[in-house]
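Here is a short report on a protein and its ligand. Look at the overall fold, then turn to the ligand site.

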Amino acid sequence: MKTTSVLRLLLAGLAATLTTLATAADKPLKIGFAQTGAESDWRTANSESMKSEAARRGIDLKFSDGQGKQENQIRAVRSFITQGVDAIVIAPIVETGWDPVLREAKRAKIPVILTDRSIQTSDESLFACFIGSDFYEEGRMAADWLAKKVDGKGTIVELQGTPGSAPANERRKAFAEGIAKYPGLKIIDSQSGNFELSGGKQVMEAFIKKHGRNFNIVYAHNDSMALGAAQAMDEAGLKPGKDILIVSIDAMRAAVQAVAAGRINCTVECNPLFGPKVYDTVVKILAGETVPKKSYNKDELIDETNAAKLLPTRQY
Ligand code: AHR
């Protein structure tokens with residue numbers, strides 16, 4: 001073959017490669033997000049953060065609402081793999097049972113980012129990283145605040161989150177360990193309200209029926225349940241925040257308002273606005289950069305001393 005023909009072939013090959021690269025660079029990132037559901041105001045704010053930040057960055061987000069079921073989330077992940085997304089983000093509803101589908105994603109060479117809730121796995125290489133809050137620390141902060149507030153004495157009922165979920169498991173464990181140092185603090189009952197307002201209300205109605213006035217503290221694993229419990233107290237003629245002290249987690253605007261109004265006594269922050277951090281991390285992973293395996297938000301505690309001051313700047 002003549003030198004000119006060889007050169008022409010090489011140039012044609014180079015042009016084709018450059019076109020492919022340009023097309024790849026212009027193509028929007030395709031990301032699948034398997035959300036747990038829409039159980040709480042926190043979850044709504046979290047979904048909104050993921051959706052609005054994707055729209056702002058021109059990301060093609062495939063959003064799936066798991067409607068509170070792990071099998072729906074697993075199905076969504078499989079469909080993301082089939083669609084050939086660039087990355088998969090999961091907010092795992094429960095901690096266990098993820099390894100098989102994560103192995104499928106790994107085989108397809110699609111990085112998986114866990115957000116909000118962590119998982120239990122025997123192989124940490126099955127996910128690229130975790131971005132969330134330290135649920136154990138939140139439960140510990142709630143317990144320490146309470147012990148100080150009531151001088152280590154009181155009778156507690158607990159409203160648990162979704163059974164098997166990381167926030168329910170860790171907030172429960174940390175709180176129990178935190179109050180164990182105070183023999184005068186006792187949990188007399190503990191039931192799941194599934195992180196839902198209606199669940200918190202129903203369980204509180206049952207607690208009031210069963211225990212009457214024989215408790216003076218409610219520890220709720222999230223604000224939606226705390227607000228539901230406060231409604232149940234209203235209906236039973238009890239004053240939330242006064243007759244019964246309420247300690248909660250999330251620090252959603254409605255709960256911070258309730259703290260300022262004296263209906264809830266304390267809420268530990270759990271920031272749901274993960275969109276920007278998740279997408280920054282996806283971009284780094286796809287560019288081959290190393291990212292921290294686990295990163296946590298720094299959350300603060302809100303009570304009567306700072307609620308009113310924080311309200312005007314509350315983003316969620
Ligand atoms: O996983 C985070 C928890 O889930 C939030 O505390 C709760 O409100 C949500 O439903």
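## Sorting residues

Ala, Val, Leu, Ile, Met, Phe, Trp, Tyr, Cys and Pro count as nonpolar. Asp, Glu, Lys and Arg count as charged. The others, Gly among them, count as polar.

## The protein as a whole

This is a predicted model. The protein has 11 helices and 12 strands. Its C-alpha trace spans about 95 × 40 × 30 Å along the principal axes.

The protein has 316 residues, and 52% of them count as buried. Buried here means under 20% relative accessible area.

The ligand sits in the largest cavity. Two elements each give two or more residues to the shell around the ligand: α2 (41-57) and α6 (166-179).

Which residues are around the ligand? They are Glu 39, Ser 40, Trp 42, Arg 43, Asp 116, Arg 117, Phe 135, Pro 167, Arg 171, Phe 195, Asn 222 and Asp 250. By class, the shell holds 6 charged, 4 nonpolar and 2 polar residues.

## Contacts and cover

How much of the ligand's accessible area does the protein cover? On its own, the ligand has 280 Å² of accessible area, and the protein covers 100% of that.

Conventions:
Residues numbered from 1 in each chain as written. Predicted model: local features only at pLDDT ≥ 70, side-chain atom pairs only at ≥ 80, totals over all residues. Heavy atoms only, no water. Near = heavy atom within 4 Å. Areas by Shrake-Rupley, 256 points an atom, 1.4 Å probe, with all protein chains shown as cover. 1 Å grid on protein atoms, 1.4 Å probe; cavity = no way out; pocket = protein on both sides within 12 Å on 5 of 7 lines; lining within 4 Å. Sits in = over half its atoms within 2 Å of the grid points. Helix = DSSP H or I, 4+ residues; strand = E, 2+ residues; numbered from the N terminus. Buried < 20%, exposed > 50% of the residue type's maximum accessible area, 1.4 Å probe, protein only.
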